Every structure is written in C-alpha cells, then in structure tokens.
Amino acid sequence: MGRKRNQGKARKAAKAKAEDAEGLKKLQQLGLSHAKMLQDGTVFICLHGAGPLCFEGICHEFLTAFRKEFCYDANHIGDSLSSCLIAAEDATVDEFAEVWNDSAKMEIAKSCFLSEGAQHILEGEYNHAREKAVFARYLEQIIAIDLLKTQATLNWPKINELSRFVLDPTIRGDVHTLVKFFRKRIPCSCLDKKYEEVKSITKMGMCYNPECPIPCAYVERSKTMYCSRCRSVTYCSRECQKANWKFHKLHCEKCAARIADFEAEQQHDAIQQS
C-alpha cells in the first residue's frame, strides 16, 4: 500500500514538473526569456523592472514599430546612429503620439528596453544589449528634453558610447559602460555579479573629428573633452577639435542657442516660482 502511494506521488510530481516545463517553454516563446526554472521546479521570472504593459497594448506596439524602423534604416540605408534613431522617431511620432507625449508611457517603453538589455547581458548577448541600451538612453533623453524639460539637447556622446556598431562594425562600446548603464537603471540586483567582473575594463569614448589619427577615433574616455559650447561632441585633443571646427561650427552655434534659450527659460521659471 505504501509503495503504491509513493508511486502515485512520484507520478504526480513528474506530471507537475512536466507541466511547469511546458509552461516555462510557453513563457519563453512569448518573449519572456527571463523565465527560469529553479532547482525545486519553481518557475521564476525576473523582468528587471518591466511591467505587464511592456508586453501588450500600445506600448508594446510602439516598441515593435520603433525597433523595426531603426533596424530598417541601419541595415538598408546605412545611416549614422543618430540618423537611424531620428528616423525611427519620425516614423512613429504620429501613429504613436499617445506614447511620445506621455511621460508615463515613455517610461514604460524605456523600462522594457532596459529589461531586455539586462537579460541579453546575462545571456552573453552583448550586441543585442547594446542596441537596447541605445534605445533606452535615447528615450530617456527625449523624456528629459520634451516632457520633463530638464535637459536642453540630446547628448550624442552618451548615446554613442554605448554602441558603435552603426558607425563601424569592428568597434564596439566597452562592456564596462554597457553593464553599468543597465545596472544603474534596473531595480533588481541581477547584474551585480556581472558588474564586478567587468568594472576593471577601461571605459572608451569617441573623437568626433573624422580625420582623427587614432584608429577608428576610439579613445579612452578619460582622455576625451567635450566642446565647451554645445557639449554635443567630444574630441581626443585640441588639435582634433580645431581641425573639425569648420564642419562642427554650424551645428555648434544652433545647439548653443538652444542651450541658451533653455537656461533662460529655466531662470525665468525659477524667478516666477520664488
């Protein structure tokens, strides 16, 4: 009698484990690669801060459309990283105005890219993680500029330092910067161990002078300097900054003007509130 009872329990346990495995497989097919089975058979899912709205509804549709447009421009047109991001925004801004104009929905979209990117890192898929990091940082800055009014212009060096794959397929952003970016933005501790592994890697930056003598203009970030007027480009030396001035001048003046207007508006608001 005892043997039959034990055999019955074993069959039930095996059936439950099979059902859990099937459920895990379905979750992963839905795109939840975060789903893992623990040793006791429990299915555990850490979404690294992403909520259910990331996987359905208007935010999910927006994420799909934005990514699709970006990838199309990157693969078929071959534009720069900035051009591909702006093209993706332009292609989705009307259809998904509900998202672009709502800071809460934009935060949901950003959290989804952060969640996916963090999981890519845990699975060793750094190239996919770089793409998600670029998307997340772009949305983060758009939120600050257009919705929260806390930033004047896009900081392209901060976006470019996460990924160089559009500019040069042989050069990648350093893993230290990549892991740190996600670790600071997700609410869980899933990347703590990985960060300890990569924090000794030198952080790399970019010189925006096309004629920079350094191979691929890829330089230690601590040795780069921002343009003091616009802070939208970095250089490895004064020589490179001077050499690029005739090309950078027009953009710099426009950017500096936007920064001046932003700072004047901030000062005006501060006076009004005092």
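In this predicted model, the sulfur of Cys46 has its closest cysteine sulfur in Cys190, at 3.5 Å. That is too far for a bond, because a disulfide requires two cysteine sulfur atoms within 2.5 Å. The cysteine sulfur closest to that of Cys230 belongs to Cys227 and lies 3.7 Å away. This distance, too, is too far for a bond. Cys230 counts as buried, with a relative accessibility of 1%. The structure as a whole holds zero disulfides. A disulfide is a covalent bond that joins the sulfur atoms of two cysteines.

Helix α6 spans residues 126-147. It comprises 22 residues. From the first C-alpha to the last, α6 reaches 30 Å, close to the 32 Å expected at 1.5 Å a residue. The helix is mostly covered, with 16 of its 22 residues buried. In an α-helix there are 3.6 residues a turn, so residues three or four places apart point the same way. Lys149 follows α6 and has a positive phi, near 60°.

Helix α3 covers residues 81-92 and includes Leu81. The relative accessible area of Leu81 is 1%, so the residue is buried, the cut-off being under 20%. Phe70 is eleven residues from Leu81 in sequence. In space, the C-alpha atoms of Leu81 and Phe70 are 9.0 Å apart.

Methods:
Residues are numbered from 1 along each chain as its sequence is written. This is a predicted model: local features need pLDDT of at least 70, side-chain atom pairs count only at pLDDT 80 or more; totals for chains, interfaces and linings use all residues. Side-chain values use heavy atoms; hydrogens and water are left out. Helices (H or I, at least four residues) and strands (E, at least two) are DSSP runs, numbered from the N terminus. The expected span of a helix is 1.5 Å times one less than its number of residues. Buried means under 20% relative accessible area, exposed over 50%, partly exposed in between (1.4 Å probe, protein chains only).
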